[in-house]
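Hi there,

Here is the structure I promised to pass on to you. My notes on it follow below; please have a look when you get a moment.

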Amino acid sequence: MYEAPIREPLILGDKTNHEITEDICRPIEGKANKYWWWCFIASVAALLWWVFCVSITVGEGIGMWGINNIVDWGWDITNFVWWVGIGHAGTLISAVLLLFRQKWRLSINRSAEAMTIFAVICAATFLLTHIGRPWLPYWLLPLPNQFGSLWVNFNSPLVWDTFAVSTYFTVSLVFWYTGLIPDFAVVRDRAKTKAMKFWYGTLAFGWTGSSKNWQRFEEVSLVLAGMSTPLVLSVHTIVSMDFATSILPGWHTTIFPPYFVAGAIFSGFAMVQTLLIIVRKVLSLENYITTLHIDMMNRIILVTGSIVGIAYITEFFIAWYSGVEYESYAFINRATGYYWWAYASMMTCNVISPQLFWVKSLRTNITFTFILSIVVNIGMWFERFVIIVSSLHRAYLPSEWGTYHPSWVEVGIFIGSLGLFFTCFLLFARFFPVIAMSELKTITKSSSTQAKRAALEHGHTHAAHH
Amino acid sequence: MSKYIFAIYNDEDVLMQNIKPLRSNGVRIKEVYSPFPVHGMDHLIGHKRTRISICAFIYGIIGCCLALIMTNYMMITDWPMDIGGKPSFEFYKNLPAFVPVIFESTIFCAAHGMVITFYLRSKTLPGVTAFVPDVRMTDDRFVMQVECNDLSKKAELSALLMKHGAEEVKEYGK
């Protein structure tokens, strides 16, 4: 495939295929450094706190939370939607960017997909604790049961959610694992110790890299990408329908599906930035995850952030333009009522801050990107909080009016879920190849620094011959 | 069973350019092992196009049908429920509400069916011992598996492979 020589290279530092293998296997084969251990200890501590708070919730019941008869969805559903949304960027990078043949995905897809898996696990834990009796989750499934022939209600978006999230999780998991198999084989064939040879040999499923297997591998990747694309859009569409199919002012709007999907990609890319800016530094992968990659992701943050901003303004306008007084009240109350500070945080973090990425020097500034990626995720958390709590606390009748404050148990479960997420991610970064090196090697002849230099000297890239 | 020797190349383009000349010299190439997918290689060594996406399509249709049968049986035939006065006694009227579940089931069956087929057909399964003629083949070398039934011709064949760009010729496990 032709690539313009003036386009910036995606692999810096004159890396050969062998050096790519060395650089990406080094963190797995060496010892963990002290930063990794400190992060790991902190994450496991938060994870233990999660176990404690979840135990209290399961042992004592949902009464340990701050939710009440009026505001009956609180931090639990806020966190569920937040985590599911974060997961979406991984699928967008690995599936949508594959369909668009965006080669810059190759350095980041592996860790973004890992982020998807762990984020969806975190989201699922909120659903399980939210149902109050987490030993009965099979009630969500259409199984024959002892209550007569009563089935789940297929008209309910909550049942759609069960199907959507479980399909999304399992498909993302096999997509990720299938991509990992050739890289496990790389580690297997380099292994110096018996234990490494055994473990990575087992994980690699006997992969050899024959051209027939690669042919199937590429077809499977392409078709999985083609199916994951509508799948990922359907997941957050259905999550938004949990709200949009109700009649509550502020929830009952038709723009929810696209608005939620854009918000999900927005927050997911922000989380990818947060993680990768740390990963490239700690694992010395600056030659693979370059400023160009960070710039590209920032552009997506800018686009999706602008869509989210437009959606907020449209919602507000339609609330007034519809002439429905309940709808107008819901929105004016969001901005000026009891939870105005949450609305103000959401607007600042999600609408104003991403607009700074119009400036190229800010888009390519790593420290600034890191800070802004966290700001965006704070904003997106507040978006879900605003939608859920501000609508619930002022429903149609004044008798349905109330307030909500989270209890320390709810806060603990949220902080603990970050511990769960980072524990999983740190283990991934320690034991799995964090960059899809087998796929990355397909561009050493077209998009490395040496290929670009040769192209500028001879007027074409090597790969352009074919 | 056929016997094979393995020619090691250090560049995928050199290997690809030499497939045709080698074949016209009567060399029978069984397979090529590479650390990454090389486009056009499967075609050059005579692999047919994979039919795995057709399998995926069939699995998808099965998933779709299963979900249609499930929703119809559970909500229309077996236990119709009057939920908020919504039409739930005729399948076609209730169908729009079932679309999300039918869609997800289609994707679920297509994706998992295809991946399981891929693992089975490629013999990529837990507990399988890998066929590794050279450990560098997952790093940066390209290994051509060549049929060599008459071992007395091995030296001659090796020389031919070396002349056609191979950097080394070896037998399995040596």
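Let me begin with A:Glu383, which counts as buried because 29 C-beta neighbours lie inside 10 Å. By "buried" I mean that 20 or more other C-beta atoms lie within 10 Å of the residue's own, while 12 or fewer makes a residue exposed and anything in between partly exposed, with C-beta atoms placed from the backbone. A:Glu383 lies in helix α13 (residues 366–392) of chain A. Helices (H or I, at least four residues) and strands (E, at least two) are DSSP runs, numbered from the N terminus. Leaving aside neighbours within four places in sequence, A:Glu383 is in contact with A:Gly263, A:Met346 and A:Asn350; two residues are in contact if their C-beta atoms, placed from the backbone, lie within 7 Å. From A:Pro137, 246 residues away along the chain, A:Glu383 is separated by 28 Å between C-alpha atoms.

A word on conventions. This is a predicted model, in which local features need pLDDT of at least 70 and side-chain atom pairs count only at pLDDT 80 or more, while totals for chains, interfaces and linings use all residues. Residues are numbered from 1 along each chain as its sequence is written, and chains are lettered from A and ligands numbered from 1 in the order in which they are written.

Next, the two chains together. In chain B, 56 residues are in contact with 54 residues of chain A. On the side of chain B that touches chain A, β2 (29–33), α2 (41–44), α3 (52–78) and α4 (91–121) each supply at least two residues, and α4(B) gives the most, with 17. By class, that side of chain B has 36 nonpolar, 11 polar and nine charged residues. Here Ala, Val, Leu, Ile, Met, Phe, Trp, Tyr, Cys and Pro count as nonpolar, Asp, Glu, Lys and Arg as charged, and the others, Gly among them, as polar.

B:Asp42, in helix α2 of chain B, is buried, with 22 other C-beta atoms within 10 Å. Leaving aside neighbours within four places in sequence, B:Asp42 is in contact with A:Ser211, A:Lys212, A:Gln215 and B:His47.

Back in chain A, there is a helix pair to look at. Helix α4 (residues 109–130) and helix α14 (residues 408–431) of chain A pack at an angle of about 150 degrees, with their axes 10 Å apart. That makes α4(A) roughly antiparallel to α14(A), the term for angles over 145 degrees. Among the residues that meet are A:Phe118 and A:Cys122 in α4(A), and A:Leu420 and A:Phe421 in α14(A). By class, this contact has 11 nonpolar, three polar and no charged residues.

Helix α1 (residues 17–29) of chain A is also worth a glance. The buried residues of α1(A) are A:Asn17, A:Ile20, A:Thr21, A:Ile24, A:Pro27 and A:Ile28, and they pack against α5 (157–190), α14, α15 (437–440) and α16 (444–447) of chain A.

Phi of A:Asp14 is near 45 degrees, a positive value in a residue other than glycine; A:Asp14 sits in the segment before α1 of chain A and is partly exposed, with 13 other C-beta atoms within 10 Å. For A:Phe205, also a residue other than glycine, phi is positive, near 55 degrees. A:Phe205 is in the loop between α6 (194–203) and α7 (211–244) of chain A and counts as buried, with 21 C-beta neighbours inside 10 Å.

Best wishes

Definitions and conventions
Axes fitted to C-alpha atoms, helices over the stretch in contact; angles between N-to-C directions. Parallel < 35°, antiparallel > 145°, perpendicular 65-115°, else oblique.
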